[in-house]
Amino acid sequence: MSEDIFKKVISHAKEYGFIFQSSEIYDGLSAVYDYAQNGVELKNNLKQYWWKSMVQLHENIVGIDSAIFMHPTTWKASGHVDAFNDPLIDNKDSKKRYRADVLIEEHCAKIETKIEKEIAKAEKRFGDAFDKEQFLATNPRVVEYQKQINTILERMGKSLDKNDLEDVKALIEELEIADPVTGSKNWTEVRQFNLMFGTKLGATAEQAMDLYLRPETAQGIFLNYLNVQKTGRMKLPFGIAQIGKAFRNEIVARQFIFRQREFEQMEMQFFVKPGTELDWYEKWKETRLKWHKSLGLGDDNYRFHDHEKLAHYANAATDIEFRFPFGFKELEGIHSRTDFDLKAHEKFSGKKLQYFDNETNESYVPYVVETSVGLDRLFLAVFSNSLREEELADGTQRVVLALPAAIAPIKAAILPLVKKDGLPELAEEIVRKLRYDFNVMYEEKDSIGKRYRRMDAIGTPFCITVDHDSLKDNTVTLRHRDTMEQKRVAISDLPAIIDAEVNIKNLFDKQ
Ligand code: GAP
């Protein structure tokens, strides 16, 4: 069922000019996508909402835009050269490649589905008297399922920590995990695979320097932290944010724009006094969840997934997960990264990266709390959640992309009823009036009904129809995307009516 929905999401994104496969005429490039004419507007609006919320509305957060190419020692210091690996496994029969940890996690997700089924059954049986927490803690079947999941994940975590890849393979065999496509259980050994893309800088092969395409934007912030702190005269606590491309040679890149090889991150590193980081971590968890909920995609579609197994640089970490069409998956990561990165860069560069605290008269390396959201995943969350097929009262169907109005690519379409009698001229005049404040579009092809449907499918909140009466009394028909209600309004009232619905302030008010 949800697989069907996901297929519809992908085909809608292509058919209506949101996302295309990269290099499609050459049969495409796997896990690389291009944002099309409507997609880029939606993506830019999401960026703008994040930037405004995180940078411009916080007095103590500033933004930067650092280069994708960075000195290669950056990645040695950050640990990416040695440890940014995924364990991969190949199926000898199907020749398909998988992430060993993902195969095991998917096995656990199947057990979790069984728990959810038990909950649904019990909810039906007990009705209002159902106490979910008590049920989870006491129902023998559910307790047993949960125990199985915990044992599997704990063993996998330990084996990966020790780099005991033989045991990861043994676990896959013991759980009788089969190739999800072919059912074969004929596996190779598990190997580590570094996810960074390499490239070269320099004119001649002998002098070329090996570089990496950055796998996260965060390191550009760490390397600039002292420059920004000094030139911006920033006092702790303060943050540095940036939006930019990141690259990872993902082993298994499925699920459309969810897992790509080239993607965009919106990250913020918050520099704090050591010892205060866990309070800030809690604060940012709450702030970021509220930000996501302000988009109006449904509060139940979010949950935290706190990490039990922490990366070597973190003392707390969580994911904000979203209910995508293929289940709850990570949308944003929030990590308390201690002073690991700055200390490592001090060590590898030989430069001091300390902050002088005027209040206590001491110098120290700040601790860092990071918020990191994938822009493409945010796009997918908004897009997939907004796509609806509706049955109308007259028995027909319509497809509507019920995007939050403030981030819709086009805010209003101006449609002359017919292509003659001076209607296109008046419609174009309205376009000229509105286009400096709103992204609007003129459209005269096809019947008015077809044009409405097309605008619904793109997510345009308003359609403005210019007819013969408009020439006489300067009024137009304003159609609302969600209610399909049509009313007659004065042309001079259009800016205020549109603004009331599409102004980005409407989202800030919900934060
Ligand atoms: N600086 C921390 C960091 O990079 P991460 O959890 O690896 O942490 C942060 O990535 C976010 O970037 C994720 O929550 C996800 O939204 C996004 N992301 C990571 N890998 C991605 C990929 N291959 N394709 C699309 N988005 C990705």
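**Notes on the domains, helix pairs and one loop**

1. Let's start with the join between two domains. Domain 1 and domain 2 bury about 1600 Å² between them, and carbon and sulfur atoms give 71% of that area. Buried area here is the accessible area (1.4 Å probe) that two parts lose on being put together, summed over both. The size of an interface is often given this way, as the accessible area lost when the parts come together. Ile-251, Lys-309 and Phe-348 supply 36% of the area that domain 1 buries against domain 2, more than any other three residues.

2. A quick word on what you're looking at. This is a predicted model, where local features need pLDDT of at least 70, side-chain atom pairs count only at pLDDT 80 or more, and totals for chains, interfaces and linings use all residues. Residues are numbered from 1 along each chain as its sequence is written, and side-chain values use heavy atoms, with hydrogens and water left out.

3. Where do the domains run? The assignment gives domain 1 (1-68 + 214-389), domain 2 (72-194) and domain 3 (392-509); such bounds come from an automatic or database domain assignment. The C-alpha centres of domain 1 and domain 2 are 25 Å apart. Their contact takes 18 residues from domain 1 and 19 residues from domain 2, where contact means heavy atoms within 4.5 Å.

4. Now for helix 5 (residues 100-126) and helix 7, whose axes come within 10 Å and cross at roughly 165°. Helices (H or I, at least four residues) and strands (E, at least two) are DSSP runs, numbered from the N terminus. Axes are lines fitted to C-alpha atoms, for helices over the stretch in contact, and angles run from 0 to 180 degrees between N-to-C directions. Helix 5 and helix 7 are therefore roughly antiparallel (under 35 degrees is roughly parallel, over 145 roughly antiparallel, 65 to 115 roughly perpendicular, and the rest oblique). By class, their contact has 11 nonpolar, three polar and seven charged residues. Ala, Val, Leu, Ile, Met, Phe, Trp, Tyr, Cys and Pro count as nonpolar, Asp, Glu, Lys and Arg as charged, and the others, Gly among them, as polar.

5. Helix 7 (residues 140-161) also packs with helix 8 (residues 165-174), at an angle of about 155° and with axes 8 Å apart. That angle is why this pair, too, counts as roughly antiparallel. On the helix 7 side you'll find Ile-152, Arg-155, Met-156, Ser-159 and Leu-160, while helix 8 brings Leu-165, Asp-167, Val-168, Ala-170, Leu-171 and Glu-174. Sorted by class, those residues are seven nonpolar, one polar and three charged.

6. Are helix 2 and helix 12 roughly parallel or roughly perpendicular to each other? The axes of helix 2 (residues 37-56) and helix 12 (residues 375-386) come within 10 Å and cross at roughly 110°, so the two are roughly perpendicular. Helix 2 contributes Gly-39, Leu-42, Lys-43, Leu-46 and Lys-47, and helix 12 contributes Leu-375, Asp-376, Leu-378, Phe-379, Val-382 and Phe-383. This contact divides into seven nonpolar, one polar and three charged residues.

7. Last, have a look at the loop between helix 9 (218-231) and strand 9 (238-247), where Pro-237 lies. The peptide bond from Leu-236 to Pro-237 is cis, with omega near -5°. Arg-233 is found in the loop between helix 9 and strand 9 as well. Its phi is near 50°, a positive value in a residue other than glycine.
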